[in-house]
Amino acid sequence: MEKIIYQGKEYKSRSELAISYGIKPSTFFARLGYNWSIEKALSRVSKKRNPIEYDGIQYSSKAELARAYDVNPDTFRKRLKYGRSVEEALNLTPCSISLEDSPSEEEEALEDEEHGFSMGIL
């Protein structure tokens, strides 16, 4: 095994160096493979959250905002991705859907009857 000296301290191996910095050796080696510097490869990379403010309250992330309104965070993100406003994505306002192509009540009733449904009392 090849001894490593990093910042004045001697390590038995690169794996020992990584472990001493709280990094999995496999992560350390992968980072070196991406041509990261040793300093960067040994750093604890934290995921950045993008804070979002809504209704005067600062949330640490879109997921936190969604959970505060009992909305699944993935559903919230998808709704935003497809152009809904924050209010619509949180189910606070009805979304603006064109009803021009929707069938009238009479057409729906006829369609229901064709499928054996009726609006009688159950």
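The exercises below work through a predicted model of one protein, with solutions given step by step.

Residues are numbered from 1 along each chain as its sequence is written. In this predicted model, local features need pLDDT of at least 70 and side-chain atom pairs count only at pLDDT 80 or more, while totals for chains, interfaces and linings use all residues; side-chain values use heavy atoms, with hydrogens and water left out.

**Exercise 1. State how many helices and strands the protein has, and give their order.**

Step 1. Helices (H or I, at least four residues) and strands (E, at least two) are taken as DSSP runs, numbered from the N terminus.

Step 2. The protein has seven helices and four strands.

Step 3. Read from the N terminus, the order is β-β-α-α-α-β-β-α-α-α-α.

**Exercise 2. Determine which residues of α5 are buried and where they lie around the helix.**

Step 1. Buried means under 20% relative accessible area, exposed over 50%, and partly exposed in between (1.4 Å probe, protein chains only).

Step 2. In α5, P73, F76 and R79 are buried.

Step 3. Viewed down the axis of α5, these buried residues fall within an arc of 125 degrees, so they line one face of the helix. The arc is that of the directions from the helix axis to the C-beta atoms.

Step 4. K78 and K81, on the other side of α5, are exposed.

Step 5. The packing partners of the buried residues are α4 (62-68) and α6 (86-89), where contact means heavy atoms within 4.5 Å.

**Exercise 3. Describe the surroundings of R79.**

Step 1. R79 belongs to helix α5, residues 73-81.

Step 2. A salt bridge requires a side-chain nitrogen of Lys or Arg within 4 Å of a carboxyl oxygen of Asp or Glu. Lys and Arg count as positive and Asp and Glu as negative; His and the chain ends are not counted.

Step 3. R79 is buried but has no salt bridge, and E88, the nearest side chain of opposite charge, is 9.2 Å away.

Step 4. The R79 side chain does make a polar contact with the side chain of N91, at 3.3 Å. A polar contact is a pair of N or O atoms within 3.5 Å; within protein, one must be able to donate a hydrogen and the other to accept it, and residues adjacent in sequence count only if both atoms are side-chain atoms.

Step 5. Leaving out residues up to four places away in sequence, R79 touches V71, R84, E88, A89 and N91.

**Exercise 4. Find the salt bridges of the protein.**

Step 1. The count is two salt bridges.

Step 2. One joins K3 and E10, with the closest N and O atoms 3.5 Å apart. K3 is exposed, at 59% relative accessibility.

Step 3. D74 and R77 form a salt bridge with closest N and O atoms 2.9 Å apart. Both lie in helix α5, three residues apart, about one turn of the helix.

Step 4. D74 is partly exposed at 46% relative accessible area, and R77 is partly exposed at 38%.

**Exercise 5. Classify the aromatic pair of Y54 and Y69 and locate its members.**

Step 1. Rings of Phe, Tyr and Trp (its six-membered ring) pair if their centres lie within 6.5 Å; planes under 30 degrees apart count as stacked, over 60 as edge-to-face and the rest as tilted.

Step 2. Y54 and Y69 are 5.9 Å centre to centre with 80 degrees between the planes, an edge-to-face pair.

Step 3. Y54 lies in strand β3 (residues 52-54) and Y69 in the loop between α4 and α5, 15 residues apart.
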